[in-house]
Structures are given as structure tokens and as C-alpha cells.
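Welcome! Please take a moment to look over the model below, and then we will walk through it together.

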Amino acid sequence: MSSTLSNAVRPDDGVDPTMRPGRLRPRRDAQAPARRGRLGPALLILPALALALGIFAYPLAESMWRSIADPQPGVQNYQWFAASAANWAVLGRTLWVAFLSAVICLALAYPYAYFMTISGPRLRTALIVIVLIPFWTSLMIRSFAWIILLQDTGLANQVLSWMGLGPFHLIRNTTGILIGMVQVLLPFMVLPLYSAMKNVDLRLVQAAASLGARPIVAFTRVFVPLAMPGVVSGSLLVFIQALGFYITPALLGSPSQMLISQYIYVQVNGQLQWGRGSVLGVLLLVATLLLLGLLALLMRKSRRAAGDEGGLL
Amino acid sequence: MPDKTPGAGTRIDVKNVTKRYAKSTAVDDVSLSIEPGEFITLLGPSGSGKTTTLNLIAGFTELTHGSIEIDGQRVDHVPAHKRGLGVVFQHYALFPHMTVAENIAFPLQQRKTPKAAQAALVASVLQTVGLAGYQDRFPKELSGGQQQRVAFARAMVFNPRALLMDEPLGALDKNLREKLQLEIKRIHQDVGRTFVFVTHDQEEALILSDRIAIFNNGRIEQVGTSADLYERPASLFVARFMGESTVFKAQVSSNGSDWHMDFHGSTLHGPVTSTVPGKGALVLRPEQLRVAESRADAPAGSAAVPVQVIQNIYLGSGHKYELRLPDGSTGIVRTPLTERTSLRPGDSAYVHWPAHQGVLLEDNDLVSTT
Ligand SMILES: Nc1ncnc2c1ncn2[C@@H]1O[C@H](COP(=O)(O)OP(=O)(O)OP(=O)(O)O)[C@@H](O)[C@H]1O
Ligand SMILES: [Mg+2]
């Protein structure tokens, strides 16, 4: 048999119901009627667009401008940043803490989300509610609660000492920041993971078994790659949010180990150095964009398999 | 590539297998012996337990009772990945993140086939299914029929003990389906493996199968060749499911050698060949029946029942009559062109047949038409 033969029985203008979206696109003229009605919906996005421009694009442009114009025009603010190792350390620490938050969230959320996909509807609802509980209390209150729980004489250390461990310093350091951030950010990992996992066709795992794959192989070679978009979007959400955290590191971290948002606050509020604060913001943005670009490069292959439908990147 | 010796297939024995779910019994005490190299089709209406039976054989589902043996060895507690059976799914189940070549190589990797041998096997099986040159496409970049071929290639490439297929052609259009039916039949003849095929399309079952198992309500009603099922149906369900039939229902009495029924004033009778049911249903195929304009035109000694003509359709090769029986049910008769009548819709007529013909079955319909 030949592939041309099987094509011959198919009408050529994409009406074959067995055709999956992919290579063959409808002919251009088939799209014409849809194009006419496109202006209306376009108008409807205007409010959101205006809001986005107002609260995002304008301040961003302002920051960029100030980084080279405040207090006087020139690159002195960038020179100030580059000259001090302590500045680099803050940027590096911020990226590192955000990365660790994403990794820890992923490690905690992956089994959790997987369990959600295989459990019944009632248990699943309960699991979602549990993960969303942090959203119902204020960030401030939660951070103070952590201080009480995690201080050297707090409940956590009491429990550890009953088990013959500790005491450990759990706050005023990176550990404290991570505990606080992971708790806040966990839902942002669980939810995208769950939504990616529930879309994985578990029959594919069954098919892998029928082809001789042991359960662990079927899981790692079929389930894990197919759930990968959830890992990527969850990790990005957590990582990017973690970069900008202020309250949690301010309350649970140590002033000697500042993160960049605290440092910006110090520059702008404490020393009225708007230009330096802006440089910190701009450099954080650049570093983040570089990382995202790298990730997008790595994701190329899976995008083709997904029929170019695209994910977050 | 699969062993080419004819009859090199595997024997599968399903013994008194039951599968119960919380609210239903999907498979109810099913027994089925599948011979080595046989092409057997599980045929039945939706929800009759075909997929469940196939999944039990494949090892995707745990059985509640009974046992399954492959080549005489019990496998009901052997996990799917150790049963060595190839499975083709209705939804293809191709791995979307792997290319065609990677999909087909997957079972070979699990079996630690050397890399070079893998490449050769993949190329050769792609040739067999007519997809040479497609190895670097992703499943999304293929048409439904092409995806189906890849699924078939992937299930065949590791030379499985038997190939199980669950409505593999169900999602394809008619032309393509007919083409692939012939290809599957050819490949079955070439490789001589045991094929277990699920469909609810009676015509597809007739084209492909050596034997057909008719499923109804989680049970097997009958297993046999197409001719067995058509000429000697074991139940009213099978008679109706396999082709057209005319059914005469009435109380049956027996004198030991012959049975009799009084069908709305017409006496029908025949020789006793098995247990005579109380409520009987005499089944006749359209080719066994003839139509006459009056009782006198029917041969002496034949059975005859008065009917009303609903339609008389000229088919080129002959005539097809639709008739209203005295109990209100519909009868179907096909006659060759040589036996033309001038009957028109609304006319009274007689349907008749040589008295010994027909199969007497138990009338187990829940609602009787009489
Ligand atoms: N996982 C399950 N849980 C509960 N009931 C099930 C399950 N799988 C199947 N059943 C029930 O078992 C019966 C048989 O289902 P099965 O899928 O075997 O039918 P089928 O003959 O393959 O039908 P179809 O032609 O529609 O595919 C159905 O009544 C179905 O509702
Ligand atoms: Mg089915």
C-alpha cells in the first residue's frame, strides 16, 4: 500500500473528520468570513490592554529611564552596581532563593498533583481546598505565624527536641525565607501541574505497558514528558513570583542576607537613590528574560510534538 | 519481524471469566478458546463487554472470577508488560511526544534490542504498513489512517505472541476502513499470528474473521464461523444480529420427533433436533422464503403464512419484499429475478418455504409482539 493511495480517498479541503489539527490547514478563503467579525472582539480587549499598559509598561519605562537619568544622565548607576561585589551577591542570592523555592515547590507538588489526578472527585476537591488555604489568610499574618512557630524556642524546635534533634535556626536566614515562600507559592505549582497531569491520557501509560514497559519506565518515559508543560509553567510562576517577594524575606530572613526587593526598598526609601533602585529592577528583569530565553530554546522539540499549539513560552 | 511459519500463533483460553464493577457486571462467566493463528472477532452491541474482555486478556483489568491462559500458562496475575501481547487501540494511543520511529522503537527498547537491529526493524515494519519515509514525523503530523498504521506497526514490530485490536478502524471513514481491513487480513495471513479483533460492525467481522464470538450483555451468545452464525444461530439475539431474518413466534408443542406451532392459524412444524422451547421463535433467512399470490401457488406440503405486502423492491439481482406478518411484525424475503410476481404494496399474499427449513429457537424477548 502507499500513502498516496490513502490520500486519494480524502477530499482535499480539510473536511475529513479523521484529520487531526496539524499539518493540513484549511484553505485561506475558508477563513475569510471569520476575519470580518474580528474588530468587535478586538475592541473588547482595550480595557485590559489599557490597564496592562498603565500599571506595567509605564512604570517599567519609567524605571528604565530613571536608571540612566537619576540623579543625572549617564551610566553611573550601572557602574555603581558593577563595582560592588555585595550588589552582585544580592542579585545572585535572589535568583538562587527563587530557584530553590521552585525546586522545593516542584518536589512537594509533583506527588501531590499526581495523587490528585488519580483520586476520586471528593478527595480531589478536598486536596484542592487544602492547597488553597494559604490564600485565605493574609501574607502578613502568615509570616508572623511562621515567626512564632519557627523561632528558636518555637513549636517546630520543641517538636524537634522531643525527637532528640536541634535546636535549629529556622528563621532570620535563607531556611526561614524558603519555608515561608514555599508555603505561599505551593498552590502556583500544584494547580498548573494538576491541570497538565489531568490532561495526560492515562491510556497512553497503559499502552506503554502493553509494549513491555515496566510501570516505572512507563511513568518516566510517557507520563513525565507529557506532564512537562505543567512543570514548566508551574516552575516559571513560582520562580518569577519568588524573585519579587518582599514581606516574607523581610520578616523571616536576615537583614545581612537581603534579597533584591528588600535592597531596592533600602535604596529607594532609605537613601532616596531612585536611579540605583531602578538599576536593580532592570537588571533583575534582564536576568529573568535571559533565563526564560534559555528555557524557550530547550522547549523547542516538545513544541513541535504538541503541534505548535504553544504553551506558556 | 514476526515468525512467518503459518500457525505459529499462540493459544489463548478464557475460562469462566467474570468482571464485576461496583454497579454492573461487564463480563459474565465468559469462556472462549482462541486457536493458534486464528483470527477471531469479538462482535456485539455497545456495552456488551467486548473491550472489557480484551482488556482482561491484555492485562489492563483485573478479573473477578475465572482464569486466562496463554499457551496453557495462567496469566491472570501476570502484569500487562510481561504478557508479550501486542495491542492496537481504537484511539491509537501513539505517544505524542515521540516521532513515528521512536514510537515504533519503544517496544524494542523495552526488550533491549540492539540499536542497529532496532533501526532495521523500524524501517522494515514501516515498509510493511506503507509509511516508509514518515519516521521523523510526530503523530500530530499524520492523518487518522496513517496514525492507525503506526499504531499497528508498533504493536507488530516486537513479534508479539498475539495481536489484540479494539475497534482499530472505528474512527476512519468507510473507504479507508475497507482498505485497511484487507491489509489487516493480508498481514494476518502473512505472519500467521493469533489476532483478536473487536468490532461492533457485523460486516467488518464477516470480512476479517475465521470465527466470530457474539457478545450480548456481558455474555457470549455463540462462537462460530460466519456460516454457523448465519445458518445455525443459537439464539434469537444472534439471528437478529447477524443479517436479516423473519421470525414466527408462537407456543410450541412436540410429539418427540416433530414440533408444531400454531402461528395465527397457520400450522408450522419441523423435525426436533434439540430441546424444544415452550415459547418458540422460528427463524428464516430472506433467501429461504418465497412469496406467492395465493395459497394454491405455494408448493404442496410447504409451510405458508398469509401476509400483507409492505414493499416490493426491485434490486437488479432480484426482488426484496417487506411483508407484514399476522402478528404485526415485519418479514423480509429475497427472491431471484426468475420468480417475479406482480405484487404491489397493500396486496395480500402468502409467504412460504419448504416445511423442514428454519431454525427453531427459544423466544426470550422480554416483550412479546403477540
Ligand atoms: N471502569 C468501569 N467501571 C464501571 N463500569 C464499567 C467500566 N468499564 C466498563 N464498564 C461497564 O461494563 C460494560 C461493558 O463495557 P465494555 O467497554 O466492555 O463494552 P463494549 O462492548 O466494548 O462496548 P463499545 O462497543 O461501546 O465499546 C458497560 O456496561 C460499561 O458501562
Ligand atoms: Mg469497546
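Is B:Asp71 buried, partly exposed or exposed? B:Asp71 is partly exposed, because its relative accessible area is 40%, where buried means under 20% relative accessible area, exposed means over 50% and partly exposed lies in between, using a 1.4 Å probe and protein chains only. You will find B:Asp71 in the loop between strand S4 (65-70) and strand S5 (73-74) of chain B. Its phi is near 50 degrees, a positive value in a residue other than glycine.

Before going further, a few words on how to read all this. This is a predicted model, in which local features need pLDDT of at least 70 and side-chain atom pairs count only at pLDDT 80 or more, while totals for chains, interfaces and linings use all residues. Residues are numbered from 1 along each chain as its sequence is written, chains are lettered from A and ligands numbered from 1 in the order in which they are written, and side-chain values use heavy atoms, with hydrogens and water left out. Helices (H or I, at least four residues) and strands (E, at least two) are DSSP runs, numbered from the N terminus.

B:Ala93 sits in the loop between strand S6 (86-88) and helix H2 (100-110) of chain B, and it counts as buried because its relative accessibility is 1%.

Now turn to chain A, which has 16 helices and zero strands. Of its 313 residues, 35% count as buried. Among the contacts in chain A with a separation of 6 or more, 69% are between residues 24 or more positions apart; a contact means heavy atoms within 4.5 Å.

Let us follow the chain from helix H4 onwards. Next is helix H5 (residues 76-83), where A:Asn77, A:Trp80 and A:Phe81 are buried. Seen down the axis of H5(A), the buried residues fall within an arc of 95 degrees, so they line one face of the helix; the arc is that of the directions from the helix axis to the C-beta atoms. An α-helix has 3.6 residues a turn, so residues three or four places apart point the same way. On the other side of H5(A), A:Gln79 and A:Ala83 are exposed. The cover over the buried residues of H5(A) includes helices H4 (46-69), H6 (85-118), H14 (260-270) and H15 (274-298) of chain A.

Further along, A:Asn157 belongs to helix H9 (residues 155-162) of chain A. A:Asn157 is buried, because its relative accessible area is 3%. Leaving aside residues up to four places away in sequence, A:Asn157 touches A:Leu150, A:Gln151, A:Asp152, A:Pro167, A:Phe168 and A:Leu170.
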